[in-house]
Number of protein chains: 2
Amino acid sequence: MSRAHNFSAGPAALPEPVLRRAQQELLEWGDARASIVELSHRGPEFMQVASEAESDLRNLLSVPDDYGVLFLAGGATTHQALMALNFAAPGQCADYVLTGHWGKTAIRQAGAYVRVNISASGEDDGFRSIPPRESWRLSRDAAYVHITANETIHGVEFRPAWGEPAPDVGEAPLFADFSSSIASEPLDISRYGLVYGGAQKNLGPVGVSIVIVRRDLLERAGQPRADIFSYASHLKSDSMLNTPPTWNWYLAGLVFKWMIEEGGVREFARRSEQKAALLYSTIDGSAGFYRNDVDPAVRSRMNVPFFLADAGLDAAFLAEAREGGLIGLKGHRVLGGMRASLYNALPLEGVRALTDFMQDFGRRHG
Amino acid sequence: MSRAHNFSAGPAALPEPVLRRAQQELLEWGDARASIVELSHRGPEFMQVASEAESDLRNLLSVPDDYGVLFLAGGATTHQALMALNFAAPGQCADYVLTGHWGKTAIRQAGAYVRVNISASGEDDGFRSIPPRESWRLSRDAAYVHITANETIHGVEFRPAWGEPAPDVGEAPLFADFSSSIASEPLDISRYGLVYGGAQKNLGPVGVSIVIVRRDLLERAGQPRADIFSYASHLKSDSMLNTPPTWNWYLAGLVFKWMIEEGGVREFARRSEQKAALLYSTIDGSAGFYRNDVDPAVRSRMNVPFFLADAGLDAAFLAEAREGGLIGLKGHRVLGGMRASLYNALPLEGVRALTDFMQDFGRRHG
């Protein structure tokens, strides 16, 4: 067998050179005479890996100096609870702009700790569009305003065609879940108070998450909480308040180096536009055989949900795709149908193989 | 170079056959045509890995059916906060038996959520002994009683020579941090309400933790908390409430299979006794060149802190040890000196190599 083109939404495809390097040094890292998985997180070898990863990520994303970067266990969902605990005073409210499934998750986690104000919602529209900025009803005293930069399931993303991707929300800091679109294009971090995400899409393996936070926000008292739930404590200990997920951090670091070598986020923005354009044009040009329902102004470059007009062909589509070396295409159970995720590690040739297959399948079954 | 004997306290040595298997299939797992790191946690491949790991762990540890098993991101420290949130009512107290550094951590995490009663403490004795059961002052209304089964830094462990390793604490359920001694000998889980630990010592890689919990305890309301902090929600979703750390779970599963093939926990109990006896007898027989201060009744089989009478020789000891293929021996900064961790993946020949080196070093510098 050989490796397939993997369209999984996360855990997702990793760059093959990264996997090969990890494979080569899995038993012995450098001259440590042990695997990186076996070494103390406080030893010189892992400390080097950890600090290089942070510095590479800072370069890659142009993170300003007044922002801290955390590498923590757990995924985005955990941070959706922690951000409320850390940045909202007891009884304070927080504004949520709801644009899909993951925004709902964010609200559910925060609900135990803040008064949630849903400032805008795309739910009435089946999350096919993002409500215009003018319609948002922001609170006067919100601890923060939360958006989901890209909705992995519903396939909607804040894009320039919608308006400013980092919308002006006034005094309150803007918090954004960037799990599935981070490092796919240049990002003006200074527009955000907090950017967070699980690594398992564009940044590497599942099991480590990234938080980029404006340092002055860490002075907020937040709510009574255990030390292990405190971002300030994590930052003070360089993400080593407890034993971090070292191998996951290491693998993310290899992905950062690969992205830098490939040309950085500008290059991945170019590739992402090209990959997404090819797939959407194939869908739109299929005379209704395939369908994507998202408002073109906010179609995600990362996750493309699509449906066959005849859902009775779904099983055949998936089986033939797999046969042809295209995996991870089954849609999320929330929406059904298909979904192709086009993260950084998926090459253009993977999308070409998919669109060729889609056209061929359409001809044979249309 | 070749692989050294690794005495690191965690992350720690892994069985070489496990690393070789993981290396071999890192690019393609089975006929999935992708790495296990790249596959959806909800796909058939990882679901198989996950359920086999749970069933192997249940067999290995003889987990009774009325206990749930969770595989979660984060380490023991996170659970020290979560157990208070999940099992103590607001304002309720919990009893802690403090036998070293990690007991202190447990108390610090829980302090935000429960009234902590320190029922007994070995601190006045420098954590060299465990206070006798008769001296513990247990509360009448404690949500639970917490012990640290083995203290990784101070090297004290509840042993038969001290009394019943799972002490009778009356009505309140006994919660125990087994991070550094789980699966090193048979364990009567039914004596505990909750057994937890990070995997990075005897069970595999860092980045995944295990919770074994009596199901009826999950009916307790606990305290207001986000869903992601709820053990009941995690159990209901088979540890997939959010994306779990799949590779870490997978690697732990390979370690479980290795332990079963090697003879299970009875065999590791035999090996652990033998390894610990060899090292302690070398220390005790060194005429004071080396020293371990722990009460022999509670000396840990897993973590052996020891000191050179002349601390001026520490650097030479560590350098020569490394030269001789013995790594991870530097003591934790809390105690200084040396520490040898003798987890399941470290073979007897590793301890022989260490004790031979210690005797030789002693002869040359004594």
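Student: How many salt bridges does the rule find across the interface of domain 1 of chain A and domain 2 of chain A?

Tutor: This is a predicted model, in which local features need pLDDT of at least 70, side-chain atom pairs count only at pLDDT 80 or more, and totals for chains, interfaces and linings use all residues, while side-chain values use heavy atoms, with hydrogens and water left out. Residues are numbered from 1 along each chain as its sequence is written, and chains are lettered from A and ligands numbered from 1 in the order in which they are written. A salt bridge is counted where a side-chain nitrogen of Lys or Arg is within 4 Å of a carboxyl oxygen of Asp or Glu. By that rule, the number of salt bridges across the interface of domain 1 of chain A and domain 2 of chain A is four.

Student: Which residue meets A:D293 in a salt bridge?

Tutor: The N to O distance of this side-chain pair is 3.9 Å. The partner of A:D293 is A:R128.

Student: What separates the centres of domain 1 of chain A and domain 2 of chain A?

Tutor: Domain bounds here come from an automatic or database domain assignment, which gives chain A domain 1 (17-261) and domain 2 (263-365). Taken over C-alpha atoms, the separation of the two centres is 26 Å.

Student: Which three residues supply more than any other three of the area that domain 1 of chain A buries against domain 2 of chain A?

Tutor: Buried area is the accessible area (1.4 Å probe) that two parts lose on being put together, summed over both. Domain 1 and domain 2 of chain A bury about 2,300 Å² between them, with 57% of it on carbon and sulfur atoms. The leading three residues of domain 1 supply 22% of the area that this domain buries, and they are A:R128, A:I153 and A:S184.

Student: Which helix gives the largest share of the side of domain 1 of chain A that touches domain 2 of chain A?

Tutor: Across this interface the rule finds 16 residue pairs in polar contact (both at pLDDT 80 or more), a polar contact being a pair of N or O atoms within 3.5 Å, where, within protein, one must be able to donate a hydrogen and the other to accept it, and residues adjacent in sequence count only if both atoms are side-chain atoms. On the side of domain 1, α2 (44-61) and α6 (246-262) of chain A each supply at least two residues, helices being DSSP runs of H or I with at least four residues and strands being runs of E with at least two, numbered from the N terminus. The largest share amounts to four residues and comes from α6(A).

Student: How many residues does the contact take from chain A?

Tutor: Contact means heavy atoms within 4.5 Å. Chain B gives 67 residues to the contact, and the number taken from chain A is 67.

Student: What area is buried between chain A and chain B?

Tutor: The size of an interface is often given as the accessible area lost when the parts come together. Carbon and sulfur atoms give 57% of the area between chain A and chain B, and the total is about 5,200 Å².

Student: Which residue of chain B forms a salt bridge with A:E45?

Tutor: The count between chain A and chain B is four salt bridges. For A:E45, the closest N and O atoms are 3.9 Å apart, and the partner is B:R322.

Student: What is the phi of A:R33?

Tutor: A:R33 is found in the loop between α1 and α2 of chain A. Although A:R33 is not a glycine, its phi is positive, at about 60°.

Student: Which residue does a cis peptide bond join to A:G10?

Tutor: The omega of this bond is about -5°. The residue in question is placed in the loop between β1 (5-6) and α1 of chain A, and its name is A:P11.
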